[in-house]
There are 4 protein chains.
Amino acid sequence: MIIILKSDTTEEQIGALTDHIASLEMQAHVSRGTFRTIIGVIGDEASIDSDQIKSFTGVSDVVRVLPPYKLASLEAHPQPSVVEVGKTKIGGGHLAMVAGPCSIESEERMDSIAAAVKASGANILRGGAYKPRTSPYSFQGMGVEGLKILRAVGDKYDIPVVTEITDARNLDVICEYADMLQVGARNMQNFVLLTEVGKANKPVILKRGMSATVQDLLMSAEYILAHGNQNVVLCERGIKGFDSVTRNLYDVAAVAALKTLTHLPVIVDPSHATGRPDLIPACAYAGVAAGADGVHIEVHDCPEKALSDGPQALLPEQFDETFKQLVKVADVFGKTFG
Amino acid sequence: MIIILKSDTTEEQIGALTDHIASLEMQAHVSRGTFRTIIGVIGDEASIDSDQIKSFTGVSDVVRVLPPYKLASLEAHPQPSVVEVGKTKIGGGHLAMVAGPCSIESEERMDSIAAAVKASGANILRGGAYKPRTSPYSFQGMGVEGLKILRAVGDKYDIPVVTEITDARNLDVICEYADMLQVGARNMQNFVLLTEVGKANKPVILKRGMSATVQDLLMSAEYILAHGNQNVVLCERGIKGFDSVTRNLYDVAAVAALKTLTHLPVIVDPSHATGRPDLIPACAYAGVAAGADGVHIEVHDCPEKALSDGPQALLPEQFDETFKQLVKVADVFGKTFG
Amino acid sequence: MIIILKSDTTEEQIGALTDHIASLEMQAHVSRGTFRTIIGVIGDEASIDSDQIKSFTGVSDVVRVLPPYKLASLEAHPQPSVVEVGKTKIGGGHLAMVAGPCSIESEERMDSIAAAVKASGANILRGGAYKPRTSPYSFQGMGVEGLKILRAVGDKYDIPVVTEITDARNLDVICEYADMLQVGARNMQNFVLLTEVGKANKPVILKRGMSATVQDLLMSAEYILAHGNQNVVLCERGIKGFDSVTRNLYDVAAVAALKTLTHLPVIVDPSHATGRPDLIPACAYAGVAAGADGVHIEVHDCPEKALSDGPQALLPEQFDETFKQLVKVADVFGKTFG
Amino acid sequence: MIIILKSDTTEEQIGALTDHIASLEMQAHVSRGTFRTIIGVIGDEASIDSDQIKSFTGVSDVVRVLPPYKLASLEAHPQPSVVEVGKTKIGGGHLAMVAGPCSIESEERMDSIAAAVKASGANILRGGAYKPRTSPYSFQGMGVEGLKILRAVGDKYDIPVVTEITDARNLDVICEYADMLQVGARNMQNFVLLTEVGKANKPVILKRGMSATVQDLLMSAEYILAHGNQNVVLCERGIKGFDSVTRNLYDVAAVAALKTLTHLPVIVDPSHATGRPDLIPACAYAGVAAGADGVHIEVHDCPEKALSDGPQALLPEQFDETFKQLVKVADVFGKTFG
């Protein structure tokens, strides 16, 4: 961390700062230039709160040299991490294809969708049992009954299953039935939930919040990593934008940017990013071309009967066609689903 | 709700839609125009998922006539609600002045800040015991010890106290010590937490999320209201913006817009909105001038020793001066603190 | 400017940088810290392109110590500028009340609106003769005929007039008829137009672009100032936001932020910022409370016949009531219109 | 267009609306439902200003059935347009590879860069002679001298050339030297410039403004088309975002969305979108995978000496590698550069 002082900073103010830095068990190197004094801080930079430093009188600017996350950084782990979910690998050239309905609605529906996506080549089955809905009057998910259906169908088709966790109190029951957890965009900064998920022994998909920067996303991943769970897969699913032509703003450059900062796998979710089935295929291809380690697509065989988010699902036959093309795009980059 | 069909929609598709509407116990009025067929839907519109309607083949657009929230709407409650927190009233011409440190750090510090803000005229004391921090390595709050300090200091200075809840599992202990709950911006769509807070018998400040629309905020309020808690105060605290000149983007027009949609009181938080003490006074005045029912300002007597968010706090003497001016602005609009 | 180098930067790379800085006739002070080397650059910082510095191999970060604008800065001119438009003063405690229709539509309409706003207390009359319309099929303004009407009506009611310039080729004719020029939001970075307006001998309202930062706005003002025209009034008129509840996002904190950076007067335009007549009054009060040096409001006596932007105008009687309240808000801050 | 009236709208108000619609030479079909009256408007919808309709008392909402642009729409021209620039075709399976430096700096530099990009496979050479710079103190371009260099180098390497136009007064001289015009993001709503470019007999790249919606972009294209120039290529180059990890926010879904609305070719510019050479390749691949009809990349053989935008250029060898991979991605979709 480099602290740039104002031109009129006094020796007393500099002393207050260096005392504070010493109290944090770090070293301060004061460099008195001809027009500005600069303090270089050496030590565990991630544990300093740059806001606090900015509160000292006389500080003009604070520039981080190292990122505020440690375990998630490429410095800490220069090789790409490979996260395993059952037999499916994510990262390091292995691509995930996560597919399934938004909500688990019934065993029949889940079974038919699972059969279809597995046949196409999906390697992780998704389905929501606890749904974070913007309206208290909307369907809130089947709960444990849904988890049981998901488990049974996953076993039947031999495909690992992922489901969303919205409440720390459900952690045990979800871990009992699911192979992978998902933390949704609206809970990306629910630090209580991140802490609990960090203690679980299950891989996690962490979705980027709608107003989260890439650094915010990595800080949330850091919560999970710091509590012991190393199997985190990041997911770009669209951020808040000003154009209603798509539901969210698909930030595919964030995938490429993340690859320069972290070893964690990154997947994309063009279903939530666009909210438009007609744009999902193009955005899925774009995600893999940008370097994503997998794709998450909602699939439903009767969108108009879906209990949630029908308009952002592909039909099984559309999914099948999209996946075939995705495999070809992946091949250009020497990557494979499986 | 008005459903606009595509020009080539078939009678069979129209039938599927009207059957679906009937199954929701609502009435469909089909109006066949010369170039477009339109279906008017009569009934409890808030309980329909417009996304689901959009999933039907043949639907071009869905226009809501009524808002998706009910209890929060001005239609449901045309007079402004007045929320009471101890002796303090918020709404209907009564203004709240919520002040205090970001975090509770020690009894001594809390005492001195409380003495100062009470003397200036604040009518609610704030202090965080459970802190949602972006870094797992940052100070996470004093927990129950902090709550006890807050209670003791509030009692000593005879001022009601508000504190943030971040975990549904802490609801009972927080309700034991605090007069008012706060749901932070990052938890605005933590529907599990909203549901629990909706069952509590305490007034709540609900802060707007950084990517939340005004309607999203009202839907989150609806969760609390629908679960039985009618004492909700909304808070504009800045949304995500592209200009780093301020920490967030202070959306003062949202205050005025909310007043056209809801009976719930609305306060503003220029501390979080700007992250700059030098801008807090101007933005506080602007909030009251725009029609806010109160202001939330962080105050700290030693920002450089603050364990969180030091750079966005006013010093007690700055707060005192700001409050004096705020009283004059309020007076122009016939409103009073107290 | 402070250049922070990467930890592995070579002496040769440092030499390339210091040579480059010397070639710009500035001085480089190299400070070799224990973990990072830093170069302080002394000289006319506004003339350095920080992007170019970032392109040098070995550069980690570039931190400006001085802003990239000079003439617009508070350093260059610590007292607030007062811009005069006929008898009307803007800045330094003097508030502008700019009012009138979006477009000049006919002499009769312009006359009746001018009579009304002048009677209420407006001190600058607005009206557009050249309209930047998003559709090529929309009314594009009356051109010179409109300018003549505006001049005649301004003279009749003894009120200075402002009109928008959209084409550098119209500069002479507009200067012949108007007392003040306006550069619209969509032309805020039309540097050709800014350069020409900078050569004119007329005060200018420069509106903030929809995606412009506060610094971008000041850089555009710098264009006008650098070409010789010192009479620039900045205008916050709403930036692009994600919530369609208002047309744009009214950034009232930017007014307060500008006051910490520049001596130029700053006015607000709640008409364009909100696009909703019902929110204009509240946002006008908020602007003055935040420290604005004036307000710009569209007024039309028959919005449904307006040839452009009818939905964002106040009726004359609404304007009258709003202005009366504005005067009271201004009085709290010791400011006056007139 | 469908006009939804408020529940308490009077017959008189309905009459005022239908009279107005008749005066526009369109037909109004009034449909009195049991709870709302709706007016269907038949005629040339693009010529109606929906804002004006909203200004009528009694109007609740206005829903467009047809887009406000006509010539740019897929309805008007269901087959993809192919724009020809010299021998290079853009659209309908033909991909453009536009490459070159940000600014033309000297004949030597232009020659060496042109030689390199042509050898790699670029089919259009770019170079700026008139530069829209945010600072009045930055290099503003070589002007006519630059145009002459561009022409000479383009002729030498037998590659068509494109350059930016920033001032309508330069149209003739630019058309004399260049094969294609470019309207930059900051001028996307400079309607004066669009109108003049619409009268030119040269193909045009129209870049999306930083706060422009997809519809705004199409409306700006409509200006050019409506004035007679049918050879418009749209360009997504990043919009304003909140995360400084990239310079702008690359909206690759907009490419896919545009393809559902317009026949015009769409290219992407990952140089400006990201401002980071390390992300340009990934974002270029993503653009083609999403369906773009070409890519625009800045290339410079000595970025640290570039007079503008050095940090967003690829070196010739990086460009060569990127282009080789782009060809493979294009091949997956059956498209070719050439």
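**Close-up views of a predicted model**

**View 1. The symmetry relation between chain A and chain D.** In this predicted model, chain A is superposed on chain D by a rotation of 180 degrees with 0.0 Å of shift along its axis (RMSD 0.0 Å), where copies are fitted by least squares on the C-alpha atoms of residues with pLDDT of at least 70 in both. That is the relation of a two-fold axis. Among the residues of chain A, A:A286 comes closest to the rotation axis, its C-alpha lying at 2.0 Å. Residues are numbered from 1 along each chain as its sequence is written, while chains are lettered from A and ligands numbered from 1 in the order in which they are written. Local features need pLDDT of at least 70 and side-chain atom pairs count only at pLDDT 80 or more, whereas totals for chains, interfaces and linings use all residues.

**View 2. The contact between chain A and chain D.** Chain A gives 29 residues to the contact and chain D gives 29 residues, two residues being in contact if their C-beta atoms, placed from the backbone, lie within 7 Å. On the side of chain A that touches chain D, the elements that give two or more residues are α8 (252–259), α9 (270–274), α10 (280–289) and α11 (316–332), helices being DSSP runs of H or I with at least four residues and strands runs of E with at least two, numbered from the N terminus. The largest share of this side, five residues, comes from α10(A). Because 100% of the interface residues of chain A are also interface residues in chain D, the copies meet through the same surface.

View 3. All five residues of β12(C) (residues 232–236) are buried, a residue being buried if 20 or more other C-beta atoms, placed from the backbone, lie within 10 Å of its own. C:V232, C:L234 and C:E236 are on one side of the strand, and C:V233 and C:C235 are on the other. β12(C) pairs in the parallel sense with β11(C) (residues 204–207) over four bridges, and strands pair if DSSP finds at least two bridges between them; here C:K207 stands opposite C:C235. The chain passes from β11(C) through helix α7(C) (residues 214–226) to β12(C) in a right-handed β-α-β crossover, that is, with the strands pointing away from the viewer, the path from the first strand over the helix to the second runs clockwise.

**View 4. The pairing of β12(C) with β13(C).** Three bridges join β12(C) to the parallel strand β13(C) (residues 266–268), and C:L234 stands opposite C:V266. With helix α8(C) (residues 252–259), these strands make a right-handed β-α-β unit.

Definitions and conventions
A residue is buried if 20 or more other C-beta atoms lie within 10 Å of its own, exposed if 12 or fewer, and partly exposed in between; C-beta atoms are placed from the backbone.
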